[in-house]
There are 2 protein chains.
Amino acid sequence: MAEAAARKRSRGGGGAARRAERTSVQVETARYIERNIPNMELLDEAALEMIEEHAETVLEEVGVNFVQNPAALERWRAAGANIDGERVRIPRGLARELVKTAPSRFTQHARNPAKSVEIGGNSLVLAPVYGPPFVRDADGGRRYATIEDFRKFVKLGQICKWLHHSGGTVCEPTDVPVNKRHLDMLLAHMTLSDKPFMGSVTEPSRAQDSVDMAGILFGKEFVQENTVMTSLININSPLTFDDVMMGALEIYAANNQACIISPFIVGGAMAPVSVAGTLVQVLAETLAGVAYSQLVRPGAPVIMGAFVTSIDMNSGAPTFGTPEASQVTYGAGQLARRLGLPFRSAGSFCGSKLPDAQAAYETANSLNMGLLSGVNFMLHSCGWLEGGLVASFEKFVMDADQLGTLHKMAQGVTVNEDTLAMDAIREVGPGGHYLGCAHTQANFKTAFWRSEVFDYKPYETWSEEGARDTVALATARVQKLLDTYQQPMLDPSINEALNAYVAERKASMPDAFS
Amino acid sequence: MAEAAARKRSRGGGGAARRAERTSVQVETARYIERNIPNMELLDEAALEMIEEHAETVLEEVGVNFVQNPAALERWRAAGANIDGERVRIPRGLARELVKTAPSRFTQHARNPAKSVEIGGNSLVLAPVYGPPFVRDADGGRRYATIEDFRKFVKLGQICKWLHHSGGTVCEPTDVPVNKRHLDMLLAHMTLSDKPFMGSVTEPSRAQDSVDMAGILFGKEFVQENTVMTSLININSPLTFDDVMMGALEIYAANNQACIISPFIVGGAMAPVSVAGTLVQVLAETLAGVAYSQLVRPGAPVIMGAFVTSIDMNSGAPTFGTPEASQVTYGAGQLARRLGLPFRSAGSFCGSKLPDAQAAYETANSLNMGLLSGVNFMLHSCGWLEGGLVASFEKFVMDADQLGTLHKMAQGVTVNEDTLAMDAIREVGPGGHYLGCAHTQANFKTAFWRSEVFDYKPYETWSEEGARDTVALATARVQKLLDTYQQPMLDPSINEALNAYVAERKASMPDAFS
């Protein structure tokens, strides 16, 4: 009971500190994270070398398929690969050589220059969930996502302090024809947010629309000389590059826009059931994909991605926040650093159907691992639910709040005469307390990270206020943030031009729903 | 939508894997963790040296108080410290010198030798929550704990696979007189579990009862020659050692039984508001405490503890799973390793009133950090709720399940010709899937850690089964585990002697309730 007693003692004091103003809703955006802490190097040198050697063997002997893409085969042939039908076998060392022209870091510009981000090196950029066809909130339950849901998420992303990036398909607006969705999504990111965003990848023509609309927003010349979009190119694991994704990659690379080149792997299904085997395949796939981007345009900005999770062999369902997923991510981060490439992995991953304790354990496991594994771009960093089938409003703000802990952890520990606090220790002495001392008074406002969602009140107060769980607190938080939302200023002529572009493109196509 | 599509594909396969037997309730106990992964070294050499230098200054110039303990003052005086009233000022380097006789690792024996644990080096031993006066479950809500609750927790601890240790005061049995509780608690640990356990520290006479009862259980000679208890000695931070805790420490050390010597610190209240200043104080306090244990008996087994958390300066409440708490733990782990002492920290810490998402985020942050910071003994590793005021039945099994992820992470990644899986990659090739291949069939049963609590079912099945959240799943798990519980065999004569000891001691004292 000694610890409970001591805890009570701590609640007794703190008058001065408690008189501090209550923190109101934050409207500023935190700068992208620059890590001041070491990465966790899980695998040793010998293990990494074996994986690298075997990945070269996979590229040389097994090869990769570039599907329905004669131009890609021709590029590979010219570079020295062996082509057999759609199979591309890459001689040992060739992919690694080609990868060398990819930049180790690049700037993705936002229309608000203060929100531009650096991707690579010791940076960590946080972007929201991507791709769910469903949304969920406490009031409406689980339902197909609409463009209105999409806009609400973009607004939340704009106002959440710890998110650096507006993302891409934060949910699928299923009420908009499939061939026109990208236009509405881009328009929302460009007008409702001033954070950086992602382009469309579901058809090469949609990638071109993304580049054209970015040209209106940033100016055409600016776009040709600078990176203003980072888009998600998934590899069809195992070892397959389809023509739709590659077509989008070709457009983006040719226009100097960034791509995440990323296997999507449920371990045991799309890759070997072992962590080491999965890492061999991840490395082979990303080497081939990044090398191909450099064949399209040497120097095109790319990110080495690894979306890898484990599987429940009982149900066949992917499982999240598991140790094997963490082990792959730690290892993939090490491999990316050895290649000098920016790294994308981790996120608010969970398999749970609800934003409950399962969701939070799984998510926290992945977020912590993401920070320590050296991730530079974290897609899905908030809002992911039910294996990515659902974007959850409550979980979006819960996760986005937790992202604050990554910022603080990444700062590391400052050790100097002020923080060593000898004056305070002398002032207080044995048996005293620090709440009122000069050092505490000077530093308490910024000393400790504080959640804007969680409940820190005494049990009695919490009970009187309705004994709310985290979901109920998050429901209130979603509304509070949306009430605070203000649309960022945009030149009216640009706004008009963007809307005209969307209207014209929509009018040029019949609706398609599949 | 590409990731969602790929995910669906993964659900389609896996017939062979899904035909595997469903995992039943586990009754075996996992061996304590031996880490095969590096520790996270957050602070650099220069920072650690500054902290060490300042801790020596604190001991030399500020000193520590040993309250109402003339014998302790005499021991310190004889060792070369400067005594002024109850203040003990320890010349630079003296405490560090005395600490050298403490073992860097030791064995705590269980009555079932297969469950004995190694504490120190690369080990991690997991013990349940300690100290809450309240319990909570979904059916009964929050209420004062009773001895029946206590026994239920001991039974759960015995049957939870990933717990290595039965703990101590898993909850306060408030229906038993305060001067007799320790007898019933010890009897429960000794008879309902065969895992290692902790002794009483709330009075020196209760520590003596613990030693005497251990003598009945293990044999008196065995106890004199071996460590069979690890008990929790809290320092009254800042810099104060009270006579009750020190009295218990003296009994245990004299009898070669282990103690965790641990500050209990809410940062900003019992220590400076800065991480570096807190580390200075933690090191000064533990140096003084461990040195004192070695004055009582050179070679007595001890653990350097650090219970440190942050504070919400708005409400004065301690906050858990925060970045500052992690930073202190990482740093304290480094300091403990430099002293060659076993290290205790981290746990299933949370401030939430319910086992909800807040509780799980906070807990997962702390558990992950505990693994990576090199903790050797993790008290409170499951069941902690509401800042430690409540032991939660549901959270106990939820946390205990998550402890499985630490075991798997700690194994590290095995890289050899089998795990590199080249045969599987060749067999499957581009575009195939791995679910049926030989490598998967040979390895899938042990490849991926799997929760025994979480829901991995498809949405439709989960809905039909009642759309249960984690708490509801955990309620069912608690009951399933208790139904499976079997009391471990104990020699009837020992059982009789233990009961007789308890009866005799109870009869010798009037009831006391405060």
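Domain bounds here come from an automatic or database domain assignment.

## Model and domains

This is a predicted model: local features need pLDDT of at least 70, side-chain atom pairs count only at pLDDT 80 or more, and totals for chains, interfaces and linings use all residues. Residues are numbered from 1 along each chain as its sequence is written, while chains are lettered from A and ligands numbered from 1 in the order in which they are written.

Chain A splits into domain 1 (45-97) and domain 2 (101-410). Their C-alpha centres lie 25 Å apart. Each domain of chain A puts 20 residues into the contact between them (two residues are in contact if their C-beta atoms, placed from the backbone, lie within 7 Å). On the domain 1 side, α3(A) gives the most, with 8 residues. Helices (H or I, at least four residues) and strands (E, at least two) are DSSP runs, numbered from the N terminus.

## An open sheet

Four strands of chain A form an open sheet, in the order β3-β4-β2-β11, with mixed pairing. Two strands pair if DSSP finds at least two bridges between them. β3 (82-84) and β11 (240-241) of chain A stand at the edges with a single partner strand each, so one side of each has no neighbour in the sheet.

Strand β2 (residues 64-66) of chain A runs parallel to β11(A), and 2 bridges join them. Phe66(A) stands opposite Phe241(A) in β11(A).

## A buried strand

In strand β12 (residues 258-266) of chain A, 9 of the 9 residues are buried, so the strand is largely enclosed by the rest of the structure. A residue is buried if 20 or more other C-beta atoms lie within 10 Å of its own, exposed if 12 or fewer, and partly exposed in between; C-beta atoms are placed from the backbone.

β12(A) has parallel partners. Strand β10 (residues 230-235) of chain A joins β12(A) through 6 bridges. There, Leu232(A) stands opposite Ile260(A). Strand β13 (residues 302-305) of chain A pairs with β12(A) over 3 bridges, and Cys259(A) has Val302(A) as its bridge partner. Strand β14 (residues 307-311) of chain A is also joined to β12(A) by 3 bridges. Val266(A) is partnered there by Thr309(A).

## Contact with chain B

The contact takes 130 residues from chain A and 129 residues from chain B. Helix α13 (residues 357-372) of chain A supplies the largest share of the chain A side, 9 residues.
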